[in-house]
Protein chains: 2
Amino acid sequence: MPGKQEKIWTAALLVIGDEILSGRTQDRNIAQVASWLQVQGIRLAEVRVVPDVIARIADAVNALRTSYDYLFTTGGIGPTHDDISVDAVAAALGVPVVIHPEARAILEDYYQTRGGLNEARLRMARVPEGAELIPDRMSGAPGIKIGNIHMMAGVPAIAAQMLDALTGTLEGGAPLLSDTVGGWIKESEVADLLREVEKAHEACQIGSYPFFREGRTGANFVIRSTDAGELARCMDALCDGLAAKGLEFTRGGI
Amino acid sequence: MPGKQEKIWTAALLVIGDEILSGRTQDRNIAQVASWLQVQGIRLAEVRVVPDVIARIADAVNALRTSYDYLFTTGGIGPTHDDISVDAVAAALGVPVVIHPEARAILEDYYQTRGGLNEARLRMARVPEGAELIPDRMSGAPGIKIGNIHMMAGVPAIAAQMLDALTGTLEGGAPLLSDTVGGWIKESEVADLLREVEKAHEACQIGSYPFFREGRTGANFVIRSTDAGELARCMDALCDGLAAKGLEFTRGGI
């Protein structure tokens with residue numbers, strides 16, 4: 001934990017999409033948004049995945065936007081009939097859906113050489129009233145920012161462009177730092193050590209992540225802190241403890 | 001949608017783990033659980049990811065177990081100090097944590113040739129009072145079933161073993177079938193077609209999944225239904241529509 005006075009900025013991510021819930025598509029946005037938020041000094045505190053149903057999306061939007069400093073959504077802002085995230089967020093906020101003139105201009109420009117702006121494509125200029133745009137250099141269709149809600153595309157490469165556009169624009173705290181040590185260690189052999197080292201370093205949290213690889217059992221231990229000095233001291237203590245048990249380990253993890 | 005009388009069985013998944021929220025670990029359990037549920041005739045209706053905090057886990061457990069027929073959890077049932085899922089589920093249900101005698105016997109047997117059962121390993125025999133076990137051939141440590149809650153390991157390969165042990169044991173409905181067609185098609189060119197075809201086939205839902213690949217834009221269209229006949233008719237209608245627009249497409253998707 002950081003110093004008591006320091007505010008911890010939090011965010012939630014709402015993944016909108018039947019394709020994730022059906023198992024058809026392997027989600028890539030959770031890890032991507034999580035990693036990006038770390039660098040902004042914002043902690044991802046909850047993720048929800050809901051189906052393409054307006055009421056379900058709207059309920060989740062209202063639960064999450066009021067519980068955390070920021071809400072990010074991915075999915076459902078394209079041109080087809082199953083793209084209903086704008087309608088859901090507008091319903092959640094109690095505002096109408098309007099055509100954003102700048103979004104319309106961006107799309108007109110983008111589709112000038114790509115077959116023209118038809119009715120489906122114009123759907124991508126629809127925003128909840130009062131929204132700003134999040135630029136997207138890749139597909140032309142912008143993301144949407146309204147209040148503390150940031151609506152992004154579901155395609156991970158496009159969501160990445162939108163995150164890039166938002167980099168440095170959101171207020172955050174000290175970024176959460178982390179350091180890893182790992183080895184061909186059974187976590188049940190070091191459970192006491194992990195608990196004791198964590199207890200002795202209040203500004204740090206230690207996570208233990210076991211794996212099976214090449215037919216063998218191993219684990220990585222990740223120390224997280226917003227305080228670089230405490231993080232280093234905690235890592236030294238953990239490595240000393242592993243060495244005292246005669247265990248081989250690799251700094252940086254395996 | 002299936003026939004009006006048929007019950008749709010639903011499930012939620014609660015992913016417990018700071019490692020997912022930090023972006024350190026790419027989640028694999030959502031897609032795995034989702035795909036497995038499809039085959040059981042159970043629809044994954046919501047996913048939440050929460051941090052390793054007892055109160056947060058317990059709140060999510062109570063919200064999800066009462067909203068859906070089944071709740072699955074992954075993560076936090078190992079031997080280390082950050083494995084607190086059992087405590088959280090027990091708190092949610094208002095029951096004490098007890099040592100399950102059969103789990104203890106399994107662990108004693110498993111660790112007989114692996115250094116013996118220490119206190120940390122014995123943690124993996126802790127269950128909310130009243131729980132049954134879900135066998136795991138891989139790591140020895142079992143999963144836990146209590147009421148409609150199924151607690152599984154966070155390591156995807158172990159979670160897979162536990163799902164395998166549960167196969168065919170949960171009541172479900174007709175499995176949701178799906179069929180895919182795709183091409184180097186801009187979804188904004190076919191948005192009207194998708195809407196019309198879906199409207200004409202009430203038992204089917206069509207999802208549109210755009211992608212960027214090899215510098216080109218394409219999309220796959222997935223039709224889902226519990227009715228195989230309607231699914232086939234809907235697919236025929238969609239392919240006829242694509243052909244009428246002069247678009248090239250591939251059955252099965254690209």
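Student: Through which surface do the copies meet, and why can one say so?

Tutor: This is a predicted model. Of the interface residues of chain B, 100% are also interface residues in chain A, so the copies meet through the same surface.

Student: How many residues are in contact between the chains?

Tutor: On chain B there are 48 residues in contact with 48 residues of chain A. Several elements of chain B each supply at least two residues of that side, including helix H2 (29–40), strand S2 (42–50) and helix H8. The residues of the side of chain B that touches chain A comprise 22 nonpolar, 13 polar and 13 charged.

Student: What relates one copy of a chain to another?

Tutor: Two copies of a chain are related by a rotation about an axis and a shift along it.

Student: How do strands of a sheet pair?

Tutor: Strands of a sheet pair through backbone hydrogen bonds, either parallel or antiparallel. Between the chains, strand S2 (residues 42–50) of chain A and S2(B) run antiparallel and are joined by three bridges.

Student: In what order do the strands of the open sheet in chain B lie?

Tutor: The order is S10-S11-S9-S12, four strands with antiparallel pairing. At the edges are strand S10 (205–213) and strand S12 (250–251) of chain B, each of which pairs on one side only.

Student: Which helix packs on the sheet?

Tutor: Helix H8 (residues 187–200) of chain B does, touching S10 and strand S11 (216–225) of chain B. The direction of H8 makes about 165° with that of S10(B).

Student: How many bridges join S9 of chain B to S12(B)?

Tutor: Two bridges join strand S9 (residues 177–183) of chain B to S12(B), and these strands run antiparallel. To look at one pair of residues, find B:Val181: the bridge partner of B:Val181 in S12(B) is B:Arg251.

Student: Which domains does the assignment give for chain A?

Tutor: The domain assignment gives domain 1 (9–166) and domain 2 (177–251). Taken over C-alpha atoms, the centres of domain 1 and domain 2 of chain A are separated by 37 Å.

Methods:
Residues are numbered from 1 along each chain as its sequence is written. Chains are lettered from A and ligands numbered from 1 in the order in which they are written. This is a predicted model: local features need pLDDT of at least 70, side-chain atom pairs count only at pLDDT 80 or more; totals for chains, interfaces and linings use all residues. Two strands pair if DSSP finds at least two bridges between them. Two residues are in contact if their C-beta atoms, placed from the backbone, lie within 7 Å. Axes are lines fitted to C-alpha atoms, for helices over the stretch in contact, and angles run from 0 to 180 degrees between N-to-C directions. Ala, Val, Leu, Ile, Met, Phe, Trp, Tyr, Cys and Pro count as nonpolar, Asp, Glu, Lys and Arg as charged, and the others, Gly among them, as polar. Domain bounds come from an automatic or database domain assignment.
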